[in-house]
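Here is a quick walk through a predicted model. Have the viewer open and follow along.

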Amino acid sequence: MGTTFGLGELGFLIQGLKWTVLLAAIAFVGGGIGGLGVALARTSTSRALRRITGGYIAVFQGTPLLMQLFVIYYGLGLIGLTLPAWVAVAIAFTLHASAFLGEIWRGSIEALPKGQFEAAKALGLHYVPRMRDVILPQALRIALPATIGFLVQLIKGTSLAAIVGFIELARAGQIVSNQTYEPLLVFSVVGAIYFALCWPLSLYGMRVESRIARAAAR
Amino acid sequence: MTDTPIFRPTRRSVLGAGLAALAAPALLTLPRDAAAQTVSDIKSKGKLVVGIQGDNAPWGFLNSQGVQEGFDADVAKLFGKQLGVPVEFMATAVANRIPALVTGRVDILFATMGMYPDRAKAIQFSKPYAANDIILVAAKGTAIATPADMKNFTIGVARSSAQDTAVTKVAPEGTTIRRFDDDAATIQALLSGQVQAVGANQFYPLRLNKSQPGAYERKLDFVRQYNGAGTRLGQKEWNEAVNAFIDTIKANGELAKIYQTWMGFTPPEFPTTLEGVPFTVG
Amino acid sequence: MGYTLDFTVVLDALPSLLWGCLGTIGLALSGMTLALAVGVGGVVARGSSRRWLRSIVIAFVELVRNTPFLVQIFFLFFALPNVGLTLNPTVTAIIALGLNGGAYAIEIIRGGVQSIDKGQIEAGLALGLHKGQVFRMIVLKPALRAIYPSLTGQFIMLTLTSSICSAISAYELTSVAQRIESETFRSFEVYFTITLMYLAISWLLMTGFSVFSRRYFDYPTR
């Protein structure tokens, strides 16, 4: 209480940052795996699969992340799964990320020229090698800028985990601000840390995007 | 547009998803007896998960190293010691305390929970182990002498805290009440001038005056509330264990020691009954 | 005794929840309008010959896109009073949404304007169209059509983001829900219900956007 903003407080923020990075990493890896499944289901020949995953995407893109966190966090407890808080939050973020990444990658799979699919089929490649060796490598490359863009969104989105009592960077900032009574300083520092984390990613995304655009123009 | 994920769900899929989601609660009626908790459940689990406040010094707060401290933390640790299991703290925002308990996220609440009849319908209270005065705090010059004066100001409270209950009940019709997620945000709102007064506990003036000595004072007294530990409804054995623990620390002077550490005075007389709030499973 | 879901409390609170929906829609529409203004103004400033003006726009866009909305809105609400600027929660929320959406809108609109083929403009002038007509028919309309899906998608995201404004006690659906939850302690039921309400709001907006699109952009491209 009533301390000034010093190294100890900065250390506390860095503790929070660790959780921010960890949560985003788990969500990105989990969402990557889930998203791949969603993208493949969305582009499959089975109408039922397309419908189900379409609905899944619609729910997660049509509702606030904050509500997804609330419902999954409390809902898991209700169905008797008493997981640690961070696991519950990680599950919510993974489901969220799977929907968005799935939709991004579906878009890029469908953006590939039809000839690619036909050529791969003509070569006698079955579904698995066709997707693995021909379609996905190209599709994921086109999707790279949007994927990086979403990673940035995800990192920023972890700030909402604060609401279910999770002490990541944004929440740590609020607690420090309340101890030091220097909101202007503390929120500037917190903002700067997020910026330092996200900006390099955004820049990288832009570079990849212009490289792809140049390659396409040639 | 690297930052803009493709976002084009069709309207039809949104509609379909909505209808499917509407049907979901039907699948979700789950009387969950599995959560019936006993002391041996806790022991076999090997830890006691305690819901506590993370930003409300000296009741429950995280220090700069991120370690949970405070009055409630010490009481909870003592309980863990008696049970012979380590305590794991989960800092919950004020508004999330009861949800965290009833959905099974925590085993027990030592979270500055004022014992009120409406809350007693949602959770099982133990015997009281602390007292807390709920008051209104504002800067010295603020013209509030009676509850009626609140109408002229914007009042901040932590959402669904005891202060929220008290201010909402006493404030005259038409008073602007702003509700924030927790104590931290509420105090910030007062310091930054977004609100002119806040519903508070007895320690707010102390904390506020550390930043600006003598600037804030107690304006109105609402109630003296008693705090109890919270468990899920109907867990008879668990509730009895908690009550036995509270009786023990009251008798052996441990509670008085914790009181002295964090508040600098001795515990008050605790009531043996509270209107509408049973201490035991009936 | 286990936990049994009970949606009757939600039914009782339905009127205030519906008012909350209106609050969210109002917040979102005001935010979008401001975002559009910021977006158009930003694109104009971004194309200015003054380097400092361009730098400010670039810095603004990068700053907003690389920090969380929660931090942005806390900064506006809790920190700005320190420099003498105290705005009420709803105004703060609209400004925060407008600035946030505006930063994304700048990038989206810029992409649209750049996609216009210069040859088309020359062709339009050669056909004897006025400058105003060229701008309206050859620059603005096709550019708007090109960016429309991205822009409206971003606006729906903005609507969903408005739920975060509850943190500064702005009046909208989430804050109403939290109020009801704190009275009834039925958190899951309340949040589940308003999740559906958000879905409905998204659907409503999407329908509105697509009706508008069919009215104004329905002409053959080739």
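## Chain A: helices end to end

Chain A has nine helices and zero strands. Reading along its sequence, you get the pattern α-α-α-α-α-α-α-α-α.

UniProt, in an unreviewed entry, puts the feature "transmembrane region" on residues 20–41, 53–73, 85–105, 139–164 and 184–204 of chain A. Two of those are worth a look in the model. Residues 20–41 of chain A are 100% helix and 0% strand, with the end C-alpha atoms 30 Å apart. For residues 184–204 of chain A, the end C-alpha atoms again lie 30 Å apart, and that span is 100% helix and 0% strand too.

## Chain C: what the record says and what the model shows

For chain C, the unreviewed UniProt entry gives "transmembrane region" at residues 17–44, 146–170 and 190–212. In the model, residues 17–44 of chain C are 100% helix and 0% strand, and their end C-alpha atoms sit 40 Å apart. Residues 190–212 of chain C are likewise 100% helix and 0% strand, with 33 Å between the end C-alpha atoms.

The unreviewed entry in UniProt also lists "domain: ABC transmembrane type-1" for residues 21–209 of chain C. That stretch of chain C is 81% helix and 0% strand, and its end C-alpha atoms are 18 Å apart.

## Where chain C meets chain A

How many residues of chain C are in contact with chain A? It's 32 residues of chain C, against 33 residues of chain A. Between them, chain C and chain A bury about 2900 Å², 77% of it on carbon and sulfur atoms. Asn66(C), Pro68(C) and Phe188(C) supply 19% of the area that chain C buries against chain A, more than any other three residues.

Now for the pairings: there are zero salt bridges between chain C and chain A, while five residue pairs are in polar contact, counting pairs with both residues at pLDDT 80 or more. On the chain C side, at least two residues each come from helix 3 (51–65), helix 4 (69–79), helix 7 (131–161), helix 8 (173–184) and helix 9 (187–216). Helix 9 of chain C gives the most, with nine residues. Sorted by class, the side of chain C that touches chain A has 21 nonpolar, nine polar and two charged residues.

Over in chain B, three strands make an open sheet in the order 2-3-4, with antiparallel pairing.

Strand 3 (residues 60–62) of chain B is joined to strand 4 of chain B by two bridges, and the two run antiparallel. Look for Leu62(B), which stands opposite Gln68(B) in strand 4.

## Chain B: two backbone details

The peptide bond from Ala57(B) to Pro58(B) is cis, with omega near -5°. Pro58(B) belongs to the loop between strand 2 and strand 3 of chain B.

The other spot is Ser160(B), in the loop between strand 8 (154–158) and helix 6 (162–170) of chain B. Phi of Ser160(B) is near 55°, a positive value in a residue other than glycine.

Note on methods
Residues numbered from 1 in each chain as written. Chains lettered and ligands numbered in written order. Predicted model: local features only at pLDDT ≥ 70, side-chain atom pairs only at ≥ 80, totals over all residues. Heavy atoms only, no water. Contact = heavy atoms within 4.5 Å. Buried area = accessible area lost by both parts, 1.4 Å probe. Salt bridge = Lys/Arg side-chain N within 4 Å of Asp/Glu carboxyl O. Polar contact = N/O pair within 3.5 Å; in protein donor to acceptor, adjacent residues only side chain to side chain. Helix = DSSP H or I, 4+ residues; strand = E, 2+ residues; numbered from the N terminus. Nonpolar A, V, L, I, M, F, W, Y, C, P; charged D, E, K, R; others polar. UniProt positions renumbered as here; feature names shortened; annotations may be inferred. Pairing = 2+ DSSP bridges.
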